[in-house]
Amino acid sequence: MSTYDFPDDLLQAQRAWYTAYRQLAQEENPSQTTVLRRTLQRLSVRIATHPYWATVPGRAPAARMALKQQTWEPDPAEARR
């Protein structure tokens, strides 16, 4: 498996996406679900259009999966909040 040197802002955006996704899965308040869905949309655009993807031509799908795998677990600093 290849290793990728993801920029910090891309890692943070993907972690934030997973955090919002997990919150949405547990949310019952309709007005809050709207906010979380919009957050997911903004983060999805930020992740998908990040300039980093231009540096891995031909390997972008593998790099995207590696990013997801690397950020799936919650950030330990975030868990302490």
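From the N terminus on, the elements of the chain run α-α-α-α. That makes four helices and zero strands. Helices (H or I, at least four residues) and strands (E, at least two) are DSSP runs, numbered from the N terminus. This is a predicted model, in which local features need pLDDT of at least 70 and side-chain atom pairs count only at pLDDT 80 or more, while totals for chains, interfaces and linings use all residues. Residues are numbered from 1 along each chain as its sequence is written, and side-chain values use heavy atoms, with hydrogens and water left out.

The chain has 81 residues, and 30% of them count as buried. Buried means under 20% relative accessible area, exposed means over 50%, and partly exposed lies in between (1.4 Å probe, protein chains only). Contact means heavy atoms within 4.5 Å. Take the contacts with a separation of 6 or more: residues 24 or more positions apart account for 70% of them.

The expected span of a helix is 1.5 Å times one less than its number of residues.

| Helix | Residues in helix | Span, first to last C-alpha | Expected span |
|---|---|---|---|
| α2 | 19 residues | 27 Å | 27 Å |
| α3 | twelve residues | 16 Å | 16 Å |

Start with α2, which covers residues 30–48. Its buried residues are T33, L36, L40, L43 and I47. Seen down the axis of α2, these residues fall within an arc of 90°, so they line one face of the helix. The arc is that of the directions from the helix axis to the C-beta atoms. There is a general rule behind such patterns. An α-helix has 3.6 residues a turn, so residues three or four places apart point the same way. The face of α2 turned away from its buried side carries the exposed residues R38, Q41 and R42. What covers the buried residues of α2 includes α1 and α3.

The C-alpha atoms of T39 and A20 are separated by 7.1 Å, though the two residues are 19 residues apart along the chain. R46 also has its place in α2. At 49% relative accessibility, R46 counts as partly exposed.

Now α3, residues 60–71. The buried residues of α3 are A60, A63, A66, L67 and T71. Seen down the axis of α3, they fall within an arc of 115°, so they line one face of the helix. The face turned away from this buried side carries the exposed residues P61 and Q69. Which helices do the buried residues of α3 pack against? They pack against α1 and α2.

### The nonpolar core

A nonpolar core is a set of buried Ala, Val, Leu, Ile, Met, Phe, Trp, Tyr and Cys residues joined through side-chain atoms within 4.5 Å. The largest one has 14 residues. Those with the most contacts inside it are Y4, F6, L10, Y52, W53, V56 and L67. The elements that give two or more residues to this core are α1, α2 and α3. α3 gives the most, with four residues.

Look at some contacts, leaving aside neighbours within four places in sequence. L10 is in contact with I47, H50, Y52, W53 and L67. H50 sits in the loop between α2 and α3. At 12% relative accessibility, H50 counts as buried. H50 touches P7, D9 and L10. Q14 lies in helix α1 (residues 8–26). At 5% relative accessibility, Q14 is buried. Q14 is in contact with I47, L67, K68 and T71.

### Rings and charges

How many aromatic pairs does the structure hold? It holds seven. Rings of Phe, Tyr and Trp (its six-membered ring) pair if their centres lie within 6.5 Å. Ring pairs link Y4, F6, Y52 and W53 into a cluster.

Two arginines lie over ring faces. A charge sits over a ring if NZ of Lys or CZ of Arg is within 6 Å of the ring centre and within 35 degrees of the ring normal. R22 lies over the face of W72, at 4.7 Å from the ring centre. R64 lies over the face of W53, at 4.4 Å from the ring centre.

Conventions:
Phe/Tyr/Trp six-rings, centres within 6.5 Å; stacked < 30°, edge-to-face > 60°.
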